[in-house]
Amino acid sequence: MSDPLTSPAPGPSTQSPFRLERHGPLAELVLSRPARHNAFDADLMLGLLDCLDDLAHLHGHSLAERPHALLLRAEGKHFCAGADLNWMRNLAHADFEHNREDARVLARLMQTLDELPFPTVALVQGAAYGGALGLICACDLVLASDDARFCLSEVSLGLVPAVISPYVVRTMGMRQARRYMLSAEPFDAITACRLNVAHQTCKPDQLLAEGRAQALRLCRNGPQAMKETKRLLAAIEAPPSRLHEEKTVEAIARVRVGLEAQEGMQAFFDKRPPSWRPRFKDEA
C-alpha cells in the first residue's frame, strides 16, 4: 500500500479533524479528532464537503488517479458523537438565516457522500450519535463493531434530526424511524443490522481489517459499472430531493433558535434535567 496523503481541514486548529489517505485504488477518509469523540462542527463539515467534492471530480481522471472505493472510518473509541454541543449552543444564539445556511452545508455534505460515483464503506465503533447516523446511512456498506452504539438523540436536547432524516428514513423505514427518532433510545450493533443501518458486525480488533477487505473487494469491480449501478439504484429509489433539503434545512434552523433547544442544550451542560421533563415519583 502507498504512503498516506493527508488532506488538511480548514480552521485555525493545528489538529486536523480529518485526513485523507490513498492506498492505491482505495481512498480512506479518517475522522481524526478522538479527544472530541470526532464530533463535527462547521470546520469539519466544510472540510469533508470539499474533500468529497475533490474525490468526486477525480472520477473523470485516469483509472490510476481516481478512487475506486471510499472507506470512511474514525480514530479513537468512537466513530462520531454527532454535532459538537458547544458549537450547537453557539448556533442556538445565532439568527435564523445563519442557522439555515449552516444546515445547508450539512445537507450538501450528506447529498455529496450519498451521490459519490463510487461505492462507500463506513466502519463504526463506539458511539454513533445524532448526525453521525446521517453519514452512516448515506454510505453504501456499513460494518459495525460489536461495541458500537447508535442513537438518534436530537429530541432529548430539544432538537430535530432534520437534515439527516431522508437518509435515515430511507435506510430503516418510516415505522422504525418514528420509534427511534421520537424515543431517542440507543440501540446496539445487532439491532443496527436488523434496522438495515449496518450490514454486518465485527469484533472490535477485526473491524479495520474486515472493512479494508470489503473495500478492496469492491475495487476489483468495474468502476464505471459501479457508478452506473449507483445511478440506477438512485433513479429507481427516488433519492432525497431538493424539496426534502429545503424542508429539513428550514426545520432545524427554526428549532435551533427556539427556547426549547436552548434549554435542552443548557440543561445538558448544567448536568440537570431540562425544564420540560416531568419528574416521576420513583425518581430521586
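## Cavities and a buried histidine

L29, L31, L48, L52, L70, L72, L109, L113 and L135 line the largest cavity. The model is predicted: local features need pLDDT of at least 70, side-chain atom pairs count only at pLDDT 80 or more, and totals for chains, interfaces and linings use all residues. Residues are numbered from 1 along each chain as its sequence is written, and side-chain values use heavy atoms, without hydrogens and water.

**Exercise 1. Describe the largest cavity: which elements line it, and what is its volume?**

Step 1. A cavity is a set of points, on a 1 Å grid over the protein atoms alone, where a 1.4 Å probe fits but cannot get out; lining residues have an atom within 4 Å of a point.

Step 2. Find the elements. Strand 2 (26-31), helix 1, strand 3 and helix 3 (96-114) give two or more residues each to this lining. Helices (H or I, at least four residues) and strands (E, at least two) are DSSP runs, numbered from the N terminus.

Step 3. Give the volume. The largest cavity holds about 60 Å³ of space. A volume is the space filled by probe spheres set on the points, which are joined across faces, edges and corners.

Step 4. Sort by class. The lining has nine nonpolar, no polar and no charged residues. Ala, Val, Leu, Ile, Met, Phe, Trp, Tyr, Cys and Pro count as nonpolar, Asp, Glu, Lys and Arg as charged, and the others, Gly among them, as polar.

**Exercise 2. Is H68 buried or exposed?** **What does H68 touch?**

Step 1. Apply the cut-off. H68 counts as buried because its relative accessibility is 10%. Buried means under 20% relative accessible area, exposed over 50%, partly exposed in between (1.4 Å probe, protein chains only).

Step 2. List contacts (heavy atoms within 4.5 Å). Not counting residues up to four places away in sequence, H68 touches P25, L63, F118, P119, C219, P223 and M226.

Technical notes: 1 Å grid on protein atoms, 1.4 Å probe; cavity = no way out; pocket = protein on both sides within 12 Å on 5 of 7 lines; lining within 4 Å.
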